[in-house]
Amino acid sequence: MPQLPTPALPEPAHPEVDSMLSRRFGKEIANYYSGSPLNRVGFLRTDNTFLSLALRHPSTTVLLFKNLEPLLKSPSELATVTFDDVKSVIGDDPFGRPEADTIAQYNSSLYIPQIIFLGLDERKEKEGFVYREHYKGQPWFAVDVTPKESVTDAAEKLIEKVKSEGLDFSKGRMNMSLHAQEAAIYAEARHLLDWNARNPFCASCGYKTLSVNAGFKRTCPPADIANAVTDTNARPPCATRTGISNLCFPRTDPTVIMAVVSADGQRILLGRQKRWPPHWYSTLAGFLEPAESVEEAVRREVWEESGIHLGRVVIHSTQPWPYPANLMIGAIGQAIPEGETVHLGHDAELEDAKWFSAEEVREALRVGTSGLGEDAGSEYKEGGLRLPPSTAIANQLMTAVVNGFASGSPMI
């Protein structure tokens, strides 16, 4: 498969400002899927007046998703629509009632298309949306238009309309060719849509839940109009209504991913899975477990997968990963002198793991990177090391190591 152009990474916050941290650790790395231009103004998600005005404002931008796949103009650009375009699916004013009234009048027999308020693009104040003087910008929303239940006809007509305009929904890719800021907006939307879709029932009582807070919270209503068991439509008692700690909020699953440096600082440990293309390697990774620090998780996962024992571990950067809900915590760890022998007998996840010289990794970073299933660069020679693209945090970790993040000077 031909390699699509790799988008530039987002700029970190305030890169031009001098500080003791930047002098000590260098420029901050903002990984792909981070760097959103939107102000999420999360404290306004319970304000139905704000949401109603924002959704229906002429400047408002709406992203459409079908089966979690976004509507695209091209592989590198999201397509957007207006409120008028999507009104037939979501209704004239879905935020017209206060949240408390929406919960009190809950009817589980009615299908409600998922709407997510993503934030305000404050770079576009000229667009005219202003709320309480302080909150200005272009509102962004995401809407699930998957044809379902009562909205099937309206959704299908909308999908037919956008396709007639030359637009289409992505076809199963990870959408890692989007421009950086759009990729961050897409990641937020996909994460929230996926989480809402996966949690239609209460984990405590098993009854249907309702999405509130503009898609950032699910609640278990105390009554249901569709409930014919009692005159009051009341549901049985549920623990989620007695303490805020039991409410259902979007989850993020922390995952550690690490570049492992040899004790002498001259080699990098990489591993490969069986399903990867020939010669393709990457950094090791694994899930953070309960009651475990990031540093402990890095050491545990590296030993389990490769048999290597690590000493010092340093966190480098992080990357949101909306497939479905991960936060990749990037770290760099150094092996202890007596713990560098590769042993794959603990965990069957890896097909191979081995040490590579700095020169091999540096050359692969230059000519051998691509997305999975895509061709490497034109200078790549068959049989050489293959690595993930710069949009993957694994690439950034390896780049940091060979450029001297750990040692203070580039590896030789």
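**Note on the salt bridges**

1. Start with one pair. Arg-40 and Glu-188 join through their side chains in a salt bridge, at 3.8 Å from N to O. Keep in mind that the model is predicted.

2. Glu-188 has a relative accessibility of 4%, so Glu-188 counts as buried. The cut-off for buried is under 20%.

3. Why can such pairs form at all? Side chains of opposite charge can pair when their charged atoms come close.

4. Next, look at Arg-300 and Glu-292. Their side chains form a salt bridge at 2.6 Å, N to O. Both Arg-300 and Glu-292 are buried.

5. Which residues are linked with them in a network of salt bridges? The network contains Glu-289, Glu-292, Arg-300, Glu-301 and Glu-304.

6. Now take Glu-379 and Arg-366. They form a salt bridge, and the closest N and O atoms are 3.0 Å apart. The pair links distant parts of the chain, 13 residues apart. Glu-379 lies in the loop between helix H8 (358-367) and helix H9 (393-402), while Arg-366 is in helix H8. Arg-366 has a relative accessible area of 52%, so Arg-366 is exposed.

7. How many salt bridges does the whole structure hold? A search finds 24.

Key:
Residues are numbered from 1 along each chain as its sequence is written. This is a predicted model: local features need pLDDT of at least 70, side-chain atom pairs count only at pLDDT 80 or more; totals for chains, interfaces and linings use all residues. Side-chain values use heavy atoms; hydrogens and water are left out. A salt bridge is a side-chain nitrogen of Lys or Arg within 4 Å of a carboxyl oxygen of Asp or Glu. Buried means under 20% relative accessible area, exposed over 50%, partly exposed in between (1.4 Å probe, protein chains only). Helices (H or I, at least four residues) and strands (E, at least two) are DSSP runs, numbered from the N terminus.
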